[in-house]
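Me: I want to learn how to read the features of a model. Please take me through one.

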Amino acid sequence: MANIEKKSVEALKTEILKAREKAKAEGKLADAETPDFVIEVPADRKNGDLATNAAMVCARAFRMSPRSIAQIITENLSLENTYADRYEIAGPGFINFFLSDRYYSDIVMNVTEEGENYGKSDFGKGKRILLEFVSANPTGPMHIGNARGGALGDCLASVLECAGYSVDREFYVNDAGNQIEKFKTSLEARYLQIYDSSVEIPEDAYKGADITAHAEAFNKIYGDKYLKATSEERRQALCDYALPINIANLKADLKKYRVEYDNWFLESSLHNSGAVADIIEKLKASGHTYELDGALWFKTTDFGDDKDRVLLRANGVPTYLVPDIAYHYNKLVTRGYDTAIDIHGTGLDEGVLAKHQGRLDTLHLVGLLGRFFGTLVAHQIARTLDVIGLVRRGVADLLCQILIGLLYRAGHFALLLQICAHLLILFLQRLVLLIELSQLLDVLL
């Protein structure tokens with residue numbers, strides 16, 4: 001990429017160094033070693049497009065006032081091979097430069113020549129980053145709360161790619177664990193209700209209309225085939241039918257939202273491959289586990305956690321922490337990414353995130369992870385964008401919280417695509433009003 005901005009600074013620096021050496025050769029400046037100087041954009045553009053402290057930093061070496069040094073440098077300075085067309089000495093000895101029209105025309109030409117590649121760099125040197133975001137629960141449709149993480153994650157991935165990193169976008173599918181058991185329970189209850197309306201829905205079951213729709217669709221295919229089956233057979237059959245549909249819908253919704261992933265990583269693959277059992281053995285070998293009341297504990301208090309964490313329950317079932325550790329081990333060790341980044345939603349406060357990061361830092365300290373990774377939360381990114389002036393975080397957060405507050409009402413939630421469609425309608429309405437206003441102004445004026 002032809003970086004005109006960088007070239008303009010480098011050319012000026014070269015000419016300043018030439019002018020200083022020429023002045024030394026003529027005896028106008030002492031033949032002394034001098035510190036490096038900077039050329040930067042001044043805070044107030046009235047002081048030029050670029051400014052340098054080249055004279056200021058040489059005062060002690062040349063035993064002269066900075067302003068006198070600036071005068072000597074500029075007397076020997078040629079701007080012919082630079083983008084500047086004039087300069088001025090300001091204050092105690094700053095040299096301010098004003099860029100020519102050629103500078104701006106070359107930038108425009110550069111933009112048109114490079115097209116979509118304009119602004120890209122090789123800063124990342126091809127380092128591999130795994131960016132995980134959204135990772136919505138596959139037990140139901142996506143809602144507007146997931147949309148924010150999708151936009152942030154996809155935009156961050158694009159920025160990193162433009163900066164020269166090799167980025168893979170990943171969706172972690174929680175197709176194992178407590179939420180899947182809850183999903184099975186919910187489906188089973190709705191399926192049984194088709195044949196017996198007195199069957200009650202468990203208090204903690206999913207109550208969305210999508211669960212009922214899955215049960216009815218399953219019944220149309222299999223009828224009462226699973227009515228007399230064991231509960232486990234029935235639950236598994238319902239899950240095997242409904243879960244792939246939900247995952248396919250997640251992919252379709254995200255694609256319509258223009259977010260596509262390189263990898264869809266299944267949590268179940270960690271269990272099936274033995275990675276979960278393997279990570280438990282690695283943690284035992286680290287010397288930071290112990291047994292208590294039949295359970296296996298991870299002694300995370302050795303590393304600053306507020307309490308130790310259970311790895312294996314007394315019944316031998318791993319806690320959620322174990323596959324989470326195995327997953328990040330897979331990211332950074334098994335697959336060898338240089339950096340892994342997680343983007344969490346606004347539901348996690350900073351205290352929870354600090355503990356999450358702390359536990360993964362612990363894995364680094366006990367030798368399981370060779371490098372650190374970043375944990376980002378949606379509202380932290382919004383705060384950062386606010387600081388650098390890209391968004392008004394207060395307004396964005398208020399709107400997001402109002403929308404998220406409408407999500408869960410006894411199984412009713414605002415679906416991602418419904419919200420997107422509604423926002424598009426609002427946008428088009430405003431656009432029509434603007435066009436009509438413009439036409440009215442044309443008539444009046």
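**Salt bridges in a helix**

Reply: Asp278 and Lys282 lie 4 residues apart in helix H10 (residues 275-285), so about one helical turn separates them. Helices here are DSSP runs of H or I, at least four residues long, strands are runs of E, at least two long, and both are numbered from the N terminus. The model is predicted: local features need pLDDT of at least 70, side-chain atom pairs count only at pLDDT 80 or more, and totals for chains, interfaces and linings use all residues. Residues are numbered from 1 along each chain as its sequence is written, and side-chain values use heavy atoms, with hydrogens and water left out.

Me: Why does a spacing of three or four places matter in a helix?

Reply: An α-helix has 3.6 residues a turn, so residues three or four places apart point the same way. Side chains of opposite charge can pair when their charged atoms come close. Asp278 and Lys282 form a salt bridge, with the closest N and O atoms 2.6 Å apart. The term requires a side-chain nitrogen of Lys or Arg within 4 Å of a carboxyl oxygen of Asp or Glu.

Me: How many salt bridges does the whole structure hold?

Reply: The search finds 19. One of them joins Lys125 and Asp122, at 3.6 Å from N to O. Both Lys125 and Asp122 are exposed. Salt bridges can also form a network, as they do for Glu181, Lys184, Glu188, Arg234 and Arg235.

Me: Which buried residue has no salt bridge?

Reply: Glu267 is such a case. Charge is counted simply: Lys and Arg are positive, Asp and Glu negative, and His and the chain ends are not counted. The nearest side chain of opposite charge to Glu267 is Arg313, 9.8 Å away. Glu267 lies in helix H9. Leaving out residues up to four places away in sequence, Glu267 touches Tyr172, Val173, Asn174, Asp175, Ala176, Gln179 and Pro323. A contact means heavy atoms within 4.5 Å.

Me: How do I check the length of a helix such as H6?

Reply: The expected span is 1.5 Å times one less than the number of residues. Helix H6 (residues 178-195) has 18 residues, so it should span 26 Å; its end C-alpha atoms are 27 Å apart, which agrees.

Me: What do the buried residues of H6 pack against?

Reply: They pack against helix H7 (209-222), helix H8 (231-256) and helix H9 (267-272). The buried residues of H6 include Gln179, Ile180, Phe183, Leu187 and Tyr191.

Me: How many aromatic pairs are there?

Reply: The structure holds 16. The rings of Tyr191 and Phe218 have centres 5.5 Å apart and planes at 85°, so this pair is edge-to-face. The pair links distant parts of the chain, with Tyr191 in helix H6 and Phe218 in helix H7, 27 residues apart. Rings of Phe, Tyr and Trp (its six-membered ring) pair if their centres lie within 6.5 Å; planes under 30 degrees apart are stacked, over 60 edge-to-face, and the rest tilted. Tyr191 is buried at 0% relative accessible area, and Phe218 is buried at 1%. Ring pairs link Tyr191, Tyr195, Phe218, Tyr222, Tyr226 and Tyr241 into a cluster.

Me: Where does a charged end sit over a ring?

Reply: The charged end of Arg128 sits over the ring of Tyr337, 4.0 Å from its centre. Lys13 does likewise over Phe37, at 5.1 Å from the ring centre. The test is NZ of Lys or CZ of Arg within 6 Å of the ring centre and within 35 degrees of the ring normal.

Me: What about backbone angles?

Reply: Most residues other than glycine have a negative phi. Val134 has a positive phi, near 70°. Ser135 also has a positive phi, about 40°, although it is not a glycine. Val134 lies in the loop between strand S5 (128-132) and helix H5 (144-162), and Ser135 is found in the loop between S5 and H5. Val134 is buried at 15% relative accessible area, and Ser135 is buried at 14%.

Key
Buried means under 20% relative accessible area, exposed over 50%, partly exposed in between (1.4 Å probe, protein chains only).
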